[in-house]
There are 2 protein chains.
Amino acid sequence: MSAEIICVGTELLLGDILNSNSRYLARELAKLGIPHYYQCVVGDNPARIKNVIEVAIARSSILIFTGGLGPTPDDLTVETLADFFETPLEERPDVLQDITDKFARRRRQMTPNNRKQALLPVGAEVLPNPTGTAPGIIWQPRKELTILTFPGVPSEMHRMWEETAIPYLKNQGWGQEIIYSRLLKFWGIGESALATKVAHLFDGINPTVAPYAGKGEVRLRVSAKAKSASEADRLIDPIATEIRQIAGDDYFGFDEDTLASVVGQLLRDRGQMLAVAESCTGGGLGAILTDIPGSSDYFAGGVISYANRVKTELLGVSRELLSQLGAVSEPVAKQMALGVKQQLNADWSLSVTGIAGPGGGSSLKPVGLVYIGLAGPDRSVEIFEYRFGSERDRSTIRHLSICHALDRLRRKLLKISVTITS
Amino acid sequence: MSAEIICVGTELLLGDILNSNSRYLARELAKLGIPHYYQCVVGDNPARIKNVIEVAIARSSILIFTGGLGPTPDDLTVETLADFFETPLEERPDVLQDITDKFARRRRQMTPNNRKQALLPVGAEVLPNPTGTAPGIIWQPRKELTILTFPGVPSEMHRMWEETAIPYLKNQGWGQEIIYSRLLKFWGIGESALATKVAHLFDGINPTVAPYAGKGEVRLRVSAKAKSASEADRLIDPIATEIRQIAGDDYFGFDEDTLASVVGQLLRDRGQMLAVAESCTGGGLGAILTDIPGSSDYFAGGVISYANRVKTELLGVSRELLSQLGAVSEPVAKQMALGVKQQLNADWSLSVTGIAGPGGGSSLKPVGLVYIGLAGPDRSVEIFEYRFGSERDRSTIRHLSICHALDRLRRKLLKISVTITS
C-alpha cells in the first residue's frame with residue numbers, strides 16, 4: 001500500500017508556478033505514515049493523463065490528484081478518470097445546489113461551464129470543497145485502489161485535505177503510526193566528512209538517519225515511526241545525542257533553529273549585546289539577526305561601512321591602513337570590529353570585509369577573500385580569513401560570510417559558561 | 001521527441017523542500033521549444049529509479065535528471081542509470097583531478113566518498129560542474145535517447161544548464177524557434193487594477209500578455225514566438241511601449257531589473273550617493289542595495305539603529321522625541337533620515353522605522369505601522385506612513401518596507417532630470 005501524488009496542469013509543465021501542492025501533500029503523507037514513493041506532473045491532456053493513471057495503478061494503491069477540476073474545457077481530471085475506468089458520469093443535485101448557492105452568495109453569474117463541476121463518476125463520494133466551487137471525489141473504482149481528487153488552488157486543497165481527507169484516511173487505518181522527524185543542523189563540516197563520521201547510523205531502520213546539504217549548512221534527518229510524539233522522542237533521543245557527541249561544536253541546533261537564532265539565544269542567556277560592522281555584506285548580517293522577533297534583546301545595531309569614508313568616520317578605521325593595505329585586510333577587519341563595539345557600547349561585535357565579486361578581485365586578493373572580525377567583552381579581537389573561491393557567485397559569498405561570522409561568535413560564546421543569577 | 005524531468009531525492013518525497021528544479025527546467029524547456037509532457041519525482045532507491053526510467057523511456061526521448069549525484073551512499077542516480085542500461089562505470093581521471101583541485105582550493109579534506117563522483121558510465125560525456133564537486137553526464141545509452149544529469153543544488157544545476165546543456169541542445173537543433181519573454185515590472189498598483197487597465201491586450205496570440213503577482217510587485221509577461229531575439233523584440237516592443245504608457249510611473253523596469261537596481265542606476269546617472277538608517281528592517285535595505293555588483297558607486301553605507309541608543313548617539317535623534325513619541329513616529333523617521341545623510345555626507349538618505357511584529361503592537365501603533373523618511377540634496381525631508389496590516393507576518397512587513405522605501409526614492413529621482421555632461 002503506497003500513495004502517489006499526481007498533479008495535473010499545463011502551467012506546471014510551462015514552469016509558470018512552483019509545485020507547492022506536491023510538497024504539502026508529501027509532508028502530510030509522511031505525517032500519516034502513508035508510504036509514498038512517486039510523484040508525477042502531467043498536462044491537461046486526456047491521453048497523457050491516462051498514461052499516468054496506467055503507470056500509477058501498477059505501482060501505487062492510493063492516487064492523489066490535484067488540479068484539473070475547474071470549470072474550463074481544459075479541466076479534464078474527473079472526466080478522464082471516469083473514462084479510464086469506464087464509468088459514466090452523473091450530475092449530483094447536492095453538488096449543483098452547492099455551486100449555485102456559492103455563486104448567489106458572491107453575487108456572481110453562474111456560467112454553463114460551472115455546471116460541469118457537478119458531474120462525478122457513478123459510485124464516487126463527494127469530497128466537499130468549503131471555499132471553492134470545484135468539489136473533489138473519493139473513489140474506489142476497483143479493489144485495493146483509492147482515488148482522491150483536489151482542485152489545484154492550494155488554499156482550497158489544504159482545507160479539503162484537513163477537513164475530509166485526513167479523517168477518511170485515518171478511518172481506513174492510516175495515521176495510527178506517524179513518522180516524526182528531527183532535523184539536526186551543522187556548520188563548519190562538509191556533508192561527506194560528517195557522513196563518514198556517522199556512517200554506522202545510516203543502516204538503522206527505526207529511526208532512520210539521512211544527510212542533506214545546502215549552502216554550507218549540513219543536515220541530518222532522524223526519522224522515527226511511532227504511535228505518539230513521546231514514543232518517537234524516546235527513539236530519536238539516543239541517536240540525536242550520539243550524533244551531537246560525534247559532531248561536537250559543529251552541531252548547532254535542530255528543526256527551526258538557525259545560526260542567527262542560536263547565537264541570539266546564547267547572547268540572551270548571557271545578557272549581552274551584539275553590534276555589527278558590515279562592508280561586503282552591506283547589512284545582510286543585521287538583516288538575518290533582526291529577522292528573529294525579539295532580537296532587540298541582544299542586537300544593538302550596526303554600521304554599514306560600505307564606503308571607506310564610513311569606515312574611518314564612523315568606525316575610526318585608520319586612513320593610513322586603508323590606503324596601505326586596502327579595506328579587505330586583517331587590520332581593517334580588526335579596527336571595524338573594535339570601532340563598532342565601542343561606538344555602540346556593545347559586549348560583542350562582528351565585522352565583515354571582503355570581496356564578494358564578481359569584480360574587484362586580484363591575484364593577491366581574489367574574489368571570495370573575506371575577513372571576519374570578532375571582538376569580545378575583554379577587548380580581545382580575533383580575525384578569521386576565508387577564501388570561498390572566486391568561482392562562487394556574489395550572493396553565495398555574502399551568504400557564507402554571514403553564516404561563518406555567526407558561527408564564529410557561536411563557537412566563542414559556547415566556550416563561555418553562563419552564570420545563572422536567580 | 002519530448003523531454004521528461006525526473007527529480008531524484010527522498011527529501012522531495014518527504015516534502016522537506018519545494019521542487020524548484022522542476023520549475024526551472026520546465027521554463028527552460030519551454031524557452032527552447034522542447035516539448036515536455038511529464039515530470040516525475042522518485043526517492044533515492046535503485047528499484048524505484050529503474051521503474052521511473054522504464055516508464056520514461058517508453059514515452060520521452062530526453063530524460064533530464066536532477067539530484068542523487070552527491071558523495072553519500074544514498075546518491076544513486078548515475079550508478080542506477082548505468083546498471084539499467086547494463087553499462088559499466090569507469091573512473092574519469094580528469095573528473096577526479098577536478099574534484100581533488102576543488103578540495104585543495106577550499107582547504108578541505110577530500111574523503112573516499114568523493115571519489116565516487118568521478119565514476120561515470122562508459123560512453124557518457126562529462127557535463128562539467130564549475131562550482132560543485134558532482135559532475136553531470138550527457139549520455140546516449142541507445143538510439144533516440146539522451147540522458148542529462150544534474151546535481152540537485154539549484155545554483156550548480158543552473159550554471160551547468162546554461163553553460164553546457166543549452167549549447168548542447170541547440171546544437172541538436174532545438175531552440176530554432178524560441179519563446180522569448182519580457183517581464184514588465186510594476187510597483188504601487190495592484191494586480192487587478194493593472195489587469196483592468198490592460199485587459200484589451202490579454203487576447204493577443206503572438207505576443208501573449210499574462211499577469212503575475214508577488215509580494216507587492218506586479219508583473220506582466222509579454223511572450224513572443226520567434227526565430228530570433230530581434231524578431232521577438234519587434235513583436236514585443238510596441239506592446240511593451242503601450243503598457244508603459246498606460247502604467248506611467250508604476251512601471252519600474254523589466255526582466256532582471258529590481259527596485260534596487262533601478263534606483264541604483266538612477267543614482268549612478270546623477271552621480272549621487274545614498275545612505276540608509278534602518279530600524280525595523282535591521283540592515284535589509286542595505287543588503288538589497290549591495291546585492292548588486294558595483295553598488296559602491298552610489299551606496300555609501302548606513303546605520304542599523306536597532307536600539308534607541310544608536311538612534312540618539314549615531315544619528316542625533318532627540319532623546320526627548322524618542323521618549324515622548326516613541327521610535328515609530330514621523331519625527332523620528334525624519335531625524336533618522338537627516339542624521340544619516342549628514343553623518344555619511346550623502347546626497348540622499350532613506351530611513352525606516354516601524355513595527356514588524358509579531359509583538360510590540362498597540363491599538364495606536366499596530367503591527368505593520370511603518371514610517372519611511374526620504375531626505376534629499378536640498379535638505380528637504382518627506383515622511384511616508386504605511387499601515388501594512390497586523391495580519392501580515394514579520395518578513396512580509398520588512399520586505400514591503402524595503403520595497404516601498406526604494407520606490408519612494410525612485411519616484412523622487414524620476415522627477416529630477418539628469419544633466420549629462422560630456
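**Note on the predicted two-chain model**

1. Start with a strand pair in chain A. Strand S10 of chain A and strand S11 of chain A (residues 217-226) run antiparallel and are joined by 6 bridges. The model is predicted, so local features are taken only where pLDDT is at least 70. Within this pair, Thr208(A) has Ser223(A) in S11(A) as its bridge partner.

2. That pair belongs to an open sheet. Its 4 strands follow the order S10-S11-S9-S12 in chain A, with antiparallel pairing. The edges are strand S10 (208-213) and strand S12 (251-254) of chain A. Each has a single partner strand, so one side of each lacks a neighbour in the sheet. On average, neighbouring strands of this sheet are turned by 25° against each other, direction ignored.

3. Now look at chain B. Strand S9 of chain B (residues 178-187) is joined to strand S11 of chain B (residues 217-226) by 10 bridges. These two strands run antiparallel.

4. Lys185(B) has Gly253(B) in S12(B) as its bridge partner.

5. Next, the contact between the chains. Chain A contributes 70 residues and chain B contributes 72 residues. On the chain A side, 33 residues are nonpolar, 26 are polar and 11 are charged.

6. Strands pair across the two chains as well. Strand S2 of chain A (residues 36-42) pairs with strand S2 of chain B (residues 36-42). The sense is antiparallel, over 5 bridges. One position to check is Val41(A), whose bridge partner in S2(B) is Gln39(B).

7. Which residues touch the most other members of the largest nonpolar core? That core holds 249 residues, and the answer is Ile6(A), Leu274(A), Ala300(A), Ile6(B), Leu274(B) and Ala300(B).

8. Setting aside neighbours within four places in sequence, the contacts of Leu274(B) are Leu267(B), Tyr298(B), Phe299(B), Ala300(B), Ala346(B), Trp348(B) and Ser349(B). Ala300(B), listed here as a contact, is also among the residues that touch the most other core members.

How values were computed:
Residues numbered from 1 in each chain as written. Chains lettered and ligands numbered in written order. Predicted model: local features only at pLDDT ≥ 70, side-chain atom pairs only at ≥ 80, totals over all residues. Contact = placed C-beta atoms within 7 Å. Nonpolar A, V, L, I, M, F, W, Y, C, P; charged D, E, K, R; others polar. Pairing = 2+ DSSP bridges. Core = buried A, V, L, I, M, F, W, Y, C linked by C-beta atoms within 7 Å. Buried ≥ 20, exposed ≤ 12 C-beta atoms within 10 Å, placed from the backbone. Axes fitted to C-alpha atoms, helices over the stretch in contact; angles between N-to-C directions.
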